Amino acid sequence: MSIEVGSAYATLRVKLDEWNQGLETAINSLQGYGSRLQVSMDSVGKKLTSAGKNLTTKVTLPIVGIGTAAMKASIDFESAMDKVASLSGAQGEQFDSLRDKAIEMGAKTMYSATESAEALQYMALAGWNTKEMLVGLEPVLKLAGAAGMDLGTASNIVTNGLIAMGLSANDAAHFADVMAVTMSKSSTDVNQLGEAFKYVAPLAGSMGYSIEDLSLALGIMANAGIQASQGGTSLRRILLNLSDPTDEVAVAMEKLGISMFNPDGSAKSLYDLMVELRGAMKGLTDEEKAQYAATIAGSTGLSGLLAIVDASDEKFNGLANAINTSDNAALNMYDTMTNNLKGSLDELMSALEALGISLGEILTPIITNVVRTLQGWVEKLDDLDETQKQQIIQIALVVAAIGPLILIVGKLFTAISTVVKFVQLLSANPIIILVA
């Protein structure tokens, strides 16, 4: 009996040892599989996360940003050009030519196509036709760039000045050159010249004076601190008194030997008149100059007249020569002003805006179709009865829950990795596994 018991014990012991060995092997296998599974799941999760971030930051967001910027550039430009069409009445091919010119200027200058369109608006307000605007736009751009000023303001000054002087858009380039040289060679700028023109250019134009002579007079006065509206008002008073003199002024002019007209009855140029005034007062004392100036120009023009007659020959002749040889001055000054990093960046931004407008033209019909489709849906939804609208709301609530559900699924990989870690912890204790 004891032999049988011993034999049974030995057999049982062998079976238990085999079972324990098998269980240990299974546990080890489970631990190894769990580790591999955890690593795999972690790797998948990280790769998916990284891919999602890369697609979002490097593809999705840039594409959305480019599309948004392109549409904004296109919308702003089209809005500005619509105003040009409204003010000028340009349609069809005329409008297309203006539009193409604005885009061209935006692509190759420091000013954007939208800013070019705004300059065209001022030209349209001045009554310029399509041909005149096409001719005048680039000179205005060059002058504005050379002066470092707002394009719309420059356009307003040029258009108003040309009209006041009896000139046309074909004279815009020369007008811009004269203003650029006057600005660079005297103590004034384009804004101040434009302000002075408001007061004296209509009178000077009606008297047949040239833009060169007018700019010379204003530049000489600016050197003496008589600038902008003060310069324009002062010169206007001088010209008015000389052209329609009172008895007292006529006597003073006769004593000085000056006249507004040549012996043949033709009107003298403003330059000749200034030279004559300078020569007539050259030998006078300061007191005599002041008395004659007060008589001829009155209190308003006194300082301006003295500035003209007292300027040195070097200053007067130097400015006159510079103005009379001003061809391409605005273009050369523009190139100088933009031949730097800031100018390059400005031109790059303008070129990018032109590209954005081109891309926006492609996107516009697509977005228009989407908007029209959505508008149709909205109209159809609005026609539904209350019961149908309630059903749509219920469906919308379900759809709204899909987003969080997808987020939960997205977290599943991480959760599985965590569960694997927990299983590995359990696998260290066979009793817990058995109970589980």
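Q: Hi! How many helices and strands does the protein chain have?
A: Hi there! The protein chain has 18 helices and zero strands. Keep in mind that this is a predicted model.

Q: Okay, and what share of the residues is buried?
A: Buried residues account for 35% of the 436 residues in the protein chain.

Q: What about contacts between residues at least 6 apart in sequence: what percentage join residues at least 24 apart?
A: That would be 71% of those contacts in the protein chain.

Q: Let's zoom in on helix 6. What span should its 14 residues have?
A: Helix 6 covers residues 172–185, and at 1.5 Å a residue it should span 20 Å. Its end C-alpha atoms are 20 Å apart, which agrees with that expectation.

Q: Is helix 6 mostly covered or mostly open?
A: Mostly covered: ten of the 14 residues in helix 6 are buried.

Q: Which ones are buried?
A: Among them are Phe175, Asp177, Val178, Met179 and Thr182. Ala172 and Met183 are on the list of buried residues too.

Q: And which helices do those buried residues pack against?
A: The buried residues of helix 6 pack against helix 4 (130–147), helix 5 (151–164), helix 7 (190–206) and helix 8 (211–223). They also pack against helix 13 (313–324) and helix 14 (329–338).

Q: New topic: which residues form a nonpolar patch on the surface?
A: Leu87, Tyr122 and Leu125 do, and together they have about 270 Å² of accessible area.

Q: Where is Leu87 found?
A: Leu87 is in helix 1, which runs over residues 2–88.

Q: And why does Leu87 count as partly exposed?
A: Because its relative accessibility is 34%, and partly exposed falls between the 20% limit for buried and the 50% limit for exposed.

Q: Nice. How many aromatic pairs does the structure hold?
A: The structure holds two aromatic pairs. One of them joins Tyr271 and Phe316, with ring centres 6.0 Å apart and planes at 25°, so this pair is stacked.

Q: Which helices do Tyr271 and Phe316 lie in?
A: Tyr271 lies in helix 11 (residues 270–280) and Phe316 in helix 13, so the pair ties together parts that are 45 residues apart in sequence.

Q: Last one! Is Phe316 buried or exposed, and what about Tyr271?
A: Phe316 is buried, with a relative accessible area of 2%. Tyr271 counts as partly exposed, at 29% relative accessibility.

Notes:
Residues are numbered from 1 along each chain as its sequence is written. This is a predicted model: local features need pLDDT of at least 70, side-chain atom pairs count only at pLDDT 80 or more; totals for chains, interfaces and linings use all residues. Side-chain values use heavy atoms; hydrogens and water are left out. Helices (H or I, at least four residues) and strands (E, at least two) are DSSP runs, numbered from the N terminus. Buried means under 20% relative accessible area, exposed over 50%, partly exposed in between (1.4 Å probe, protein chains only). Contact means heavy atoms within 4.5 Å. The expected span of a helix is 1.5 Å times one less than its number of residues. Patches are made of residues with over 30% relative accessible area and no salt bridge: like charges are joined within 9 Å, nonpolar side chains (Val, Leu, Ile, Met, Phe, Trp, Tyr) within 5 Å. Accessible areas come from the Shrake-Rupley method with a 1.4 Å probe; for residues, only the protein chains shown count as cover. A salt bridge is a side-chain nitrogen of Lys or Arg within 4 Å of a carboxyl oxygen of Asp or Glu. Rings of Phe, Tyr and Trp (its six-membered ring) pair if their centres lie within 6.5 Å; planes under 30 degrees apart count as stacked, over 60 as edge-to-face and the rest as tilted.
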